[in-house]
Every structure is written in structure tokens, then in C-alpha cells.
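Subject: The structure I promised you

Hi,

Here is the structure we talked about, and my notes on it follow below. Have it open while you read, and look up each residue as it comes along.

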Amino acid sequence: MDKASNVDVEKTNFVHWPERISYASSDFACNLSFGLISNFLMYFYTDAFGISAAVVGTLFLVARLVDAVDGPFWGIMIDHTHTRWGKSRPYWLWFTIPYAIFCILTFTTPNISLQGKIVWAYITYIGVDVLYSSVNIPITSVLPNLTPNPNERVTLSTIRQFFGTAGGTIISVVALPLVQALGHGDQRKGFFFTAVIMAILSAIILLNTFANTRERVQTKNSKKALPIKTSLKALKRNWPWAVIIFINFIYWLGMQTRNQVAVYFFKYNMHAAWLTSIMLGLQLAALLTVAITPWSSKHFGKRNTMLTGMLVAILGQLLMAVGAKTLNVWVIVAANIVVNLGTGLVSGLIAVMLADSVDYGEWKNGVRAEGIVTSFSSFSAKFGMGIGGAITGWILNAGGYVANHAQSASALNAITANYVWVPIIGFALSAVALIFYKVDSFEGKMQSDLHAKHMRENQENK
């Protein structure tokens, strides 16, 4: 893009700080509420609600099969939406309250039979999972419409990731102490009241995001409902999209096994459950590398920045293997810090690179379909997290895990496998996939061509 047009785009589409904060806080809200679910729901089901690890693993897998439909469904709905509020923003207004209600129901424990508990778990977990997509997919789908400027998108996504990491860290640190304090030893009651607090906070923040963001990038496609067949054309030969969707799946598969088994690892392997909150709190280390992501992306490229993050995370997990073998707390602390420094360079860039694939779909295929392109972000992440959850449950069950009892050697090894080795596989496969991501090499021309196209369309519509 030439300097004159670049300056013009930046002036016309600059997103000011109040809006940046409002946008970023959406991820804070989602991680605050859904972080309670993703990090602690398996533990809640097995150790508080009384459902076996194998049943929970199967539930997580079934929920992912539902995601195969609900993720693309929300994307198609966004592409069909045309309101005075835009295409993506209305979903925060329409679905925030239903999502908050299901967050609470998920941690509600009716006094019913074991079979009834399983049915309740299926209904509430799948329900909250579907509604999470309705408020989370718009966070990604709205990004390419907030600004067309690539550098500003990185800035917005970095601030979003900063807030998201903060939200995830806060719930990781305060969840178990809150459960203890609010439940007075009754984990069921403690989890319920914790869920109520997080659901209310999340709802307030998401509604604020709706009120204080604006969709600026308007094209001919933005102003009309896109038929499904037309939307799907944006995916034709969209290799950047395919690479990022795969990475989003396999990366979150590894992260989910690691995060949700942490409470098991410190309770049973380390015999120090109180360490769980501290170790999960070390996610704050990721904020250091999140903060330098815009600079690194600008100077070394988004692909190289993310690849560096994956390699650092692998190094941290290998150090974690040493800590798990020796049960050395300080080695485990160091390993957690290194892993989080690596993941800080990854998470924020996934949304940016998906936004780039929206542009790529329009550049190559003439179709701008923010909804369907970015909806697979939520689908692939949740699918990865679900498969990770299923793998965790199945490995624990195969190892002979028995809730609230001293664990056998095989059960302890199963916990370690989830905490150490499954994440390494996820990070390594992600690093290999990044080799095939080439957008950085032609992004300037792509943005220049699209800017000229949008200017032409705007003139024609006057």
C-alpha cells in the first residue's frame, strides 16, 4: 500500500482508546465466565457432582459434534444479519443474557439420580457451549470491520488478548478460593455462587462492548444478507484460513488438557492443591509477550512471531516434564513461566490472522464473509478444547483415576501425560503448520488492492 493511501486509511479508521478498551473487555468477560467452565468443569463434575471421568470425556466429545453445526450456524447468521448496529454487534445485545443464565445453570446441582445428573450435565453444558459461540464468534468477526488497517488490527487484537489473559488468569486464581469461601466447604454451593458472580460480571461487560463499539468497514457485501452459497465462496482455496483453523484446533486441544488437569496434578501428584491457583496465576507472564506482539509482528512478521511462541512453549513443557518427574516446585514454576511467555506470542495473533483470511477471501474470491470465515475460529477452538477434554477424561479413566482417593501409580502417570505430553504434541503440530502460512509476504499488495476496491465501490454507491 502506498504511503498516501496508508495514511488516509489510518486517519479515517482510527479506533480510539475508549473503543479499544470496550472491544478488548469482551474477551475479558468471556474468559472470566467460560474460563470457569473450561478450567474447572471436569473437576466439578468428577469431584463435586459425582460423574465419572469417562462419562465427562464422552460428554465433551458429544458437545464438539454439536459445535460442528453451531459454529458455522452462527457464522452464517452473522453474514445474513444487516441491522443499524451492524452485522456482529447485535449478537451481544441479543444473546448475552441467555448465555449468562446457562453459565449459572451449568454449575447448578439438582438433587436427582446419577442418570438425571448426566442428562442435566448434557443439557446445560451443550446449552452454554452453543450460547458461548453466539457471543464469542462476534468478537472475532467484528475485528475486520472495526478497521481495515493491518497494524491497527494487531494493536486491537493485542489489547484484546491482554484483557483476555487477565480475565482467564483472574478466574484461574480466584475460582477455588471463592468456591471454598462461598461454599463453606460445600463445593457444590461454592461453585454455584462463583458462577453467579462471574455470569453477572460477564453480562455487564458484554453489553458495554455492544454499546461502545462501531463497525466501520462497509462494503457491498456488508450492506446485504449473503446467501450461504456465496459466503462459502470466501473459503475457496483460502489456504491462510485453513492453516489458522488447524492451528486453532490443535493448539487449544493441548492447552485444554494442560489447564483442566492442573487441579488434578497439584491435588494428587504434588499433594498441594493450594498450588493450583498460584500456578494458573502464572498466566500473567503471558502479558509480557502479549505486550511486545505488535512490535514483533511489525518487524519479524506475524508467522515468525507465532512460530517463536510455539517453540518457546515446547521448551517450557519439556522443562515441565523434568519438574513432574522430580516433583520440584521451583522447576514447575519456571516451566509455567516459560510456557506462558510462549503462548503470549500465540493467542492474540490467531484472531488477527483470521481477520487477514477474511481479506484474503475477498481478494481472491471477491466475497467478504466475516461471519462464516471467522465462525470457524470458535468452532475449531471449542472442538480442540472438547477433544482435549475428552482425551483428558479417557486417559484418566484408563489410568484408573478415582475421585477424592489416593491415586495409583498408573493414575498419576495419566495425570502427568495430560499435563505434560499432550500439550507438547499440540504445540509441535502447530509449529509445523505455520511453515505453510505465507500471508506476510504479500499482505501489502493485498491491502492495497482491497483499499482501491472499497474506494471504487463507495464511489459507485454514491
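**Salt bridges**

Let's start with Asp356 and Lys302, which form a salt bridge whose closest N and O atoms are 2.4 Å apart. Asp356 sits in helix 16 (residues 347–365) and Lys302 in helix 14, so this pair links distant parts of the chain, 54 residues apart. Both Asp356 and Lys302 are buried. Keep in mind that this is a predicted model.

Which residues are linked with these two in a network of salt bridges? The network is made up of Arg153, Lys302, Asp356, Asp359 and Glu443. A search of the whole structure finds ten salt bridges.

Another one joins the side chains of Glu19 and Arg216, at 2.4 Å from N to O. Glu19 counts as buried because its relative accessibility is 9%, under the 20% cut-off. Arg216, at 26%, is partly exposed.

Then there is Glu152 with Arg20, where the closest N and O atoms are 3.7 Å apart. Glu152 lies in helix 7 and Arg20 in helix 2, so this pair ties together parts that are 132 residues apart in sequence. Glu152 is buried, with a relative accessible area of 7%, and Arg20 is buried as well, at 8%.

**Inside the protein**

Asn418 is in helix 18 (residues 409–434). Is Asn418 buried or exposed? Its relative accessibility is 0%, so Asn418 counts as buried. Leaving aside neighbours within four places in sequence, Asn418 is in contact with several residues, including Thr257, Arg258, Ile391 and Pro423.

Gln161 belongs to helix 7 (residues 150–183) and is buried too, with a relative accessible area of 13%. Not counting residues up to four places away in sequence, Gln161 touches Asp27, Val290, Ser347 and Gly348.

**On the surface**

One is a patch of positive charge, where Lys229, Lys233, Lys236, Arg237 and Lys364 gather. Lys229 is part of helix 9 (residues 228–233), and with 67% relative accessibility it counts as exposed.

The other patch is nonpolar: Leu93, Trp94, Ile97, Ile101 and Leu207 form it, with about 420 Å² of accessible area together. Which helix gives the largest share of the nonpolar patch? That is helix 4 (residues 90–106), with four residues. Ile97 is found in helix 4 and is partly exposed, at 45%.

**Two loop residues with a positive phi**

Most residues other than glycine have a negative phi. His184 is not a glycine, yet has a positive phi of about 50°. You will find His184 in the loop between helix 7 and helix 8 (187–211), and it is exposed, with a relative accessible area of 71%. Asn404 also is not a glycine and has a positive phi, of about 60°. Asn404 is in the loop between helix 17 (370–398) and helix 18, and at 45% relative accessibility it counts as partly exposed.

Cheers

Note on methods. Residues numbered from 1 in each chain as written. Predicted model: local features only at pLDDT ≥ 70, side-chain atom pairs only at ≥ 80, totals over all residues. Heavy atoms only, no water. Patch = residues over 30% accessible without salt bridge, like charges linked within 9 Å, V, L, I, M, F, W, Y side chains within 5 Å. Areas by Shrake-Rupley, 256 points an atom, 1.4 Å probe, with all protein chains shown as cover. Salt bridge = Lys/Arg side-chain N within 4 Å of Asp/Glu carboxyl O. Lys, Arg positive; Asp, Glu negative; His and termini not counted. Charge placed at Lys NZ, Arg CZ, Asp CG, Glu CD. Buried < 20%, exposed > 50% of the residue type's maximum accessible area, 1.4 Å probe, protein only. Contact = heavy atoms within 4.5 Å.
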